[in-house]
Amino acid sequence: MEPTTTAAKPQFSPAAQAEIKRLLTHYPDDRKKSTLLPVLHIAQAEFGGWVSPEVQDLVAETLGLRPIEVYEVSTFYTMFNLKPVGKHVLEICRTGPCMLRGSDELTAHLERITGAKVGGNSPDGLFTLKEVECLAACGFAPVVQVREKYYESLDTEENVNAMLNELKSLVHRPILPWEENGLPTSLQNN
C-alpha cells in the first residue's frame, strides 16, 4: 500500500490576515459576511488567481460562515475564477457595442495567437481567455480587461500585439495594497 499524502491546508499570509482583520473592523461583529467579496478577492490574489474549494473553505472559516455561503457568492460572480488560470486573465467584452466593433474577431484572433480557447488557458500558462459582460468602455470598443487595466480599441493587429507584448514582459503580477513587503511566498516567481 502506497503512503497517502495530503495537501497542506491553505493559509493566508500574515499580510493578508492583517488586511482581513482591518476589513472586519468596518462592520459589526454580527455582519462579518459583509466582508465576503473583498476577502474572496484577497484569497484569489493569494492563491494563484483562483479560489479552489479548499480556499473557499478557508474564507468561510476565517469569516465564521458556512461554506455554502461562500460557494454561493463565488459561483455567482464571474470575477472569481473557480479553476486554475494563466498568469494573465484576458476578459473580453462581448456585449453589443464591442461586438459591433469586432469583439468576435478579436476573440478568434486571441485564440489563434495565444493557443487558448475561451474558458481555457494557453499551453504556456501565460493567458486565460474569458468572455465577460459589459466593461463600460463602449466608446473604445473592442475592449479587454486584465486585472485593473483596460486595453481599448483592440480592433487592429498592432494594438492586440502591443497588449500581448506588454503582458508577456511583466515578470509577475502587480503588488497588491496589503503586500507592503512584496509578494506572498506562494506567488513569488509566478
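Trainee: Which helix does C98 lie in?
Mentor: Happy to start there, keeping in mind that this is a predicted model. The helix in question covers residues 96–100. C98 falls within that run, and the element is helix α5.

Trainee: Is C98 buried or exposed?
Mentor: Buried means under 20% relative accessible area. C98 has a relative accessible area of 2%, so C98 counts as buried.

Trainee: Which residues does C98 touch, leaving out those up to four places away in sequence?
Mentor: Contact here means heavy atoms within 4.5 Å. With residues up to four places away in sequence not counted, the partners of C98 are C93, S103, A141, P142 and V143.

Trainee: Which residues does UniProt list for "binding site"?
Mentor: The record is an unreviewed entry, and the annotation comes from there. These residues are spread over 46 residues of sequence, yet they cluster in space, with a largest C-alpha distance of 9.3 Å. The lining of the largest cavity takes in C93, C98, C134 and C138 from this set. The residues listed in the UniProt entry are C93, C98, C134 and C138.

Trainee: Where is C134 placed, and is C134 buried or partly exposed?
Mentor: C134 sits in the loop between β2 (127–132) and β3 (144–146). Leaving out residues up to four places away in sequence, C134 touches C93 and T95. The relative accessibility of C134 is 44%, so the label is partly exposed.

Trainee: How many aromatic pairs does the structure hold?
Mentor: A pair of aromatic rings is described by the distance of the centres and the angle of the planes. One of the pairs is F12 with F47, 5.8 Å centre to centre with 55° between the planes, which is tilted. The rings of F76 and Y77 also pair, with centres 4.9 Å apart. The number of aromatic pairs is two.

Trainee: How many residues apart in sequence are the parts that the pair of F12 and F47 ties together?
Mentor: F12 is buried at 6% relative accessible area, and F47 also counts as buried at 18%. F12 lies in the segment before α1 (14–24), while F47 is in the loop between α2 (36–46) and α3 (53–63). The pair therefore ties together parts whose separation in sequence is 35 residues.

Trainee: Is the pair of F76 and Y77 stacked or edge-to-face?
Mentor: F76 counts as exposed at 61% relative accessibility, and Y77 as partly exposed at 32%. Planes over 60 degrees apart count as edge-to-face. The planes of F76 and Y77 are at 90°, so the pair is edge-to-face.

How values were computed:
Residues are numbered from 1 along each chain as its sequence is written. This is a predicted model: local features need pLDDT of at least 70, side-chain atom pairs count only at pLDDT 80 or more; totals for chains, interfaces and linings use all residues. Side-chain values use heavy atoms; hydrogens and water are left out. UniProt positions are given in the numbering used here, feature names are shortened, and annotations may be inferred rather than shown by experiment. On a 1 Å grid over the protein atoms alone, a cavity is a set of points where a 1.4 Å probe fits but cannot get out, and a pocket is an open set with protein on both sides within 12 Å along at least five of seven lines; lining residues have an atom within 4 Å of a point. Helices (H or I, at least four residues) and strands (E, at least two) are DSSP runs, numbered from the N terminus. Buried means under 20% relative accessible area, exposed over 50%, partly exposed in between (1.4 Å probe, protein chains only). Rings of Phe, Tyr and Trp (its six-membered ring) pair if their centres lie within 6.5 Å; planes under 30 degrees apart count as stacked, over 60 as edge-to-face and the rest as tilted.
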